[in-house]
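Student: Could we go through this chain together, one question at a time, before I draw my own conclusions from it?
Tutor: Gladly; have the sequence and the coordinates open beside you as we go.

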Amino acid sequence: METRDVSPVFVGRKAELAELVEALRRAEAGVSQAVVVGGEAGIGKTRLLEEFLAVAGAAGATTAVGASVELGADGLPFAPLVGLLRSLHRQLGPELVEAASEPTGDLTRLLPELGEAPGHLAGGVDTVDRARMFELITRLFERLSQRRTLVLVLEDLHWSDRSTRELLAFFFRSVHPGARVMVLCSYRADDIHRRHPLRPFLAELDRLRTVQRIELTRLSGDEVAAQMAGILGTPPEATLAASVFARSDGNPFFVEELTVDPDPARGLTESLRDLLLVRVETLPEQVQDVLRVVAVGGSSVEHALLARVAGVPEPELLSALRDAVGARLLAATDDADGYRFRHALTREAVTDDLLPGERARLNRRYATALEAEPGLIAADELPTRLASYWECAGDRAKALPAVLTASVAAGRRFAYAEQLRLLERAQELWDAAPEEVRATLRPAQPMWGYPAGEVPDGAGGANGPVGWVDLQAEAVVAASLAGQYDRANAICRGALRELDEIRLPLHAAWFWVQRAGMAEREVRGDGVHELSRAQELVRGLPPSEVHARVLALTAAWHSLQGPGPEQLEQAERAVSLARLVGATSTELYARYTLASLQADAGDSAGAVVEMRSVLRTVLDRGEVSLLGRCLVNLSAVLADAGELRESLISIAEGIELADRYGLEETKSWLQANLAFVLTLQGRWDEAGSALDQARRQARSPHSEHVSRILAGQLAALRGDVDTAREAATAVRTKLSADRVRATFEVELARLEIDLALLTGEPQRSRDILRSARSDLQLGLTQLVWGLVSSAAMAEAEGRGMPGADEGRPEAVALIRELTRSLPRNLPIRVALGLLVDAQLYRAESRDRPPHWAEAVDAIEPLDLPHHLAEARYGWAESLLAAGEPDARARAAEQLRAARETTLALGAAPLRERVERLAQRARLDLSARPEPKAAPEPGDTFGLTPRERDVLGLVAAGRSNRQIAEELFISPKTASVHVSNILAKLEVTSRGEAAAVAHRLRMVPLRPT
């Protein structure tokens, strides 16, 4: 009876197929889809995907498949992604190149067909942000999906490398929800043991609502019988069907193996491995030998490489391969250039059946063949496969250099996690490798920069062979680029414990600099301790790249203390030293720091010119690692200088550049800058939209915290206490265990002070300011101006609140001390300074009216509507208190303008203060005065409107002086009003008057 190894009837997966088809329909409608299919080995995952891809292709979708490759201890870096790109390139050709053309440079490292890959930047470690590459890949698929539905399949995730998993996690979170993209992934569930790296990845996916999970179960007895009928071409006997079902337990692959056994009389073996080897052992010995060679080669083997390793004449090899394919054990690869086992379980059984010596011998033959003819396989796979073959061959002398070469190749493909793992494997091989082999190795990236002729003994790869410390340094860089900062920090600590800092000071300083950077990145401190130690180590040494980097980072940190002579000199020294030693990247970094200091010192125009010059050089050199800092800080400097329109232009240009280079985190910071400027300009709805975008694009705690704080500040301006408090609590909770960045502390303190003002807690406002003052860095000039402005407003508005008087003099003195230390060297700083001064005078006494008119005049041309409304409100209050002849008319004019602004902004708290002041002063703020209302029938005692106001304050327990202050009249006038009220009410005391007023409801209830 003729049999087929695969049933032509698709059995038992109709519900799962329907789910996939429905997901395809949603993708075609413009809703991106992500599906993960799991199940044990042989359960039918590949068959399900093949059936679905046929449906998708027939529906007009473009489909591509990529698979993870099992190779030694680690998967081949980005293997499924490269497979997808190659498949799409074959199908789409120039369209793929065009879609990837902004820019293609980094994607060429994954797919050489796109063009020549860029080299490392001169003079330093290549620190390409892999998040940028992830963004470029995501955008590439989005662009391709504009013309058709794109179905991407990534098989065998249980063999995937860490970088592939991280790319997928990024893609699932970041792909535009309207993209016509459907991504399917499959994995073998029975391989996912408790410590398997895929387990946390799957747990992470379960938390994403956008990812659908499908778990395949085993077939029922009837489904097994249907599958057997498809294979045999006729329904099986009931006894055979029952036996196959019992032995296979419903696993479709085992059903196939048991059904097509050419010798049923042999019986069914008990061992799974033996079951899988049954068909292998029935083949001629020469065919079995070829199968063993293919099994050791990896998930698939190229024909040319197989021919070299098998060592048999071509006709005999082709005959053996034809028999293996005919026996349904091997299949041609998708590109028809090689062979793979039809099922991975069979390959594993064949491999496990080899003796250790056989396996080592075959791996050595593979490695030797590739060393002799590297062109036998794709160039991008050569380093990793060669390292794996030599390691499995047990030849450490060959394995060590091969693993180091593979680590460099992994880094060039953005696979930093795999690069780190390879470097760790190199360290494991280090001691066992012969000394003469280690002496031939050279570091991938020279990092120490000892001057010629001054290299200390044992300096490793400073100017000679790679050393143990070089491996650790390269591992630190790889771990940092992979985002594994804890691991990088641990490697640094271990290296510093082993290093002799006296003999190798530059080595030690380098590791201290890395630790400083990681402290800042993880929001676990400011890195000043680590930088100080690095400074001590390089002090007195000849100029070097490490020395220049230490100076540049130290200058950047000290710039937060303000633009003093010492900070400017330090930044200038960093620029000069970097230029002297040819460290161009460090020089650009230091020049930008120097420009930031110049801007803070008041020369914002000159600073902006220099910043734009640095930006042009960065773009020309492709210094992507510096690009984000340039774009974000340039727009911030323009905003701090009050050049709000120029800042908006810079932000728009920056977002375009960040989008072109795939800098998603930079886009988040720029959106936060945009929200900051729009808030100042009073465009609050637009600011809210920018903050929503910033939070969606945030890729680090830093940008997430900033966008939350700014959203809280915007909510406080609107009077939304709950939203503002939620933002402040969320950020403070996350930062409470760490020493926070100065930026966070200043802006978070400002938000908390705004909240204290809204909730009437003046003492809390003062506690917040004192706490922030202890770590305040005055180099954040504009942010500190904002903080003291909020604190001054809290003191001015806090008058009359319970317990507000106690501690006010000390708080006002502290705010004055801070304002004296802040420069007033730009129009916006002058204006803020006048506003703060006026608020502080107001907080102390109304009898000493400040120069509010100057504050209004200074703020008016700056496009700061809320600040201007605050100044107009304060000026109106001052005018009313002064009692000048035309004061009421002028005050009404200022209050009317302030009210119009607050209504347009939606600034509820300030609007309420304006309206309360107008009500107390009996000022009509309407543009057209309404006719006077008729006397209320309740005025039976003949009280005038002003006496009714006074009675209300008497009923609230106010003294004559407090009544005078509240109604902007003299204490003597207030006393006369009270006497007239007592006479008209025919009572003898203020208490009786209050009782009558409440009993007869002559006055409204007033807030205390």
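**Helix pairs, loops and buried residues**

Tutor: Let us begin with α8 and helix α9 (residues 238–248), whose axes come within 9 Å and cross at roughly 115°. Please keep in mind throughout that this is a predicted model.

Student: How are α8 and α9 oriented to each other, parallel or perpendicular?
Tutor: The axes of the two helices cross at roughly 115°, and angles from 65 to 115 degrees count as roughly perpendicular. The crossing of α8 over α9 is right-handed. The orientation of α8 and α9 is therefore roughly perpendicular.

Student: Which residues of α9 meet α8?
Tutor: On the α8 side, the residues that take part are Gly-221, Val-224, Ala-225 and Met-228. Their partners in α9 are Leu-240, Ala-241, Val-244 and Phe-245.

Student: Is Met-228 buried or exposed?
Tutor: Met-228 belongs to helix α8, which covers residues 221–232. Leaving aside its neighbours within four places in sequence, Met-228 touches Gly-233, Thr-234, Pro-236, Leu-240, Ala-241, Val-244, Val-255 and Thr-259. Because its relative accessibility is 0%, Met-228 counts as buried.

Student: How far apart in space are Met-228 and Glu-256, C-alpha to C-alpha?
Tutor: Along the sequence, Met-228 and Glu-256 are 28 residues apart. In space, the distance between their C-alpha atoms is 7.4 Å.

Student: What is the relation of α24 to α25, parallel or oblique?
Tutor: Helix α24 (residues 528–538) packs against helix α25 (residues 545–558) at an angle of about 140°, and their axes are 10 Å apart. Because of that angle, α24 counts as oblique to α25.

Student: What is the handedness of the crossing of α24 and α25, and which residues meet there?
Tutor: From α24 the residues are Val-528, Leu-531, Ala-534, Gln-535 and Val-538, and they meet His-547, Val-550, Leu-553, Thr-554 and Trp-557 in α25. As for the handedness, the crossing of α24 and α25 is left-handed.

Student: Is Asp-380 buried or exposed, given that it lies in a loop?
Tutor: The loop that holds Asp-380 runs between α16 (356–372) and α17 (382–393). Setting aside neighbours within four places in sequence, Asp-380 is in contact with Val-82, Arg-86, Leu-110 and Arg-413. Its relative accessible area is 13%, and since the limit for that class is under 20%, Asp-380 is buried.

Student: Where is Glu-986 found, and is it buried or exposed?
Tutor: Glu-986 is found in the loop between α46 (971–985) and α47 (990–999), and its phi is positive, near 55°. Its relative accessible area is 73%, so Glu-986 is exposed.

Student: How many disulfides does a search of the whole structure find?
Tutor: A disulfide is a covalent bond between the sulfur atoms of two cysteines. Cys-492 is buried because its relative accessibility is 0%, and Cys-630 is buried because its value is 4%. Across the whole structure, the number of disulfides found is zero.

Student: What share of the residues of the chain counts as buried?
Tutor: The chain contains 47 helices and eight strands, and it exposes about 43000 Å², of which carbon and sulfur atoms supply 51%. Among contacts with a separation of 6 or more, residues 24 or more positions apart account for 69%. Of the 1008 residues of the chain, the share that counts as buried is 55%.

Key:
Residues numbered from 1 in each chain as written. Predicted model: local features only at pLDDT ≥ 70, side-chain atom pairs only at ≥ 80, totals over all residues. Heavy atoms only, no water. Disulfide = S-S within 2.5 Å. Buried < 20%, exposed > 50% of the residue type's maximum accessible area, 1.4 Å probe, protein only. Helix = DSSP H or I, 4+ residues; strand = E, 2+ residues; numbered from the N terminus. Contact = heavy atoms within 4.5 Å. Areas by Shrake-Rupley, 256 points an atom, 1.4 Å probe, with all protein chains shown as cover. Axes fitted to C-alpha atoms, helices over the stretch in contact; angles between N-to-C directions. Parallel < 35°, antiparallel > 145°, perpendicular 65-115°, else oblique. Left-handed = near helix turned anticlockwise from the far one by under 90°.
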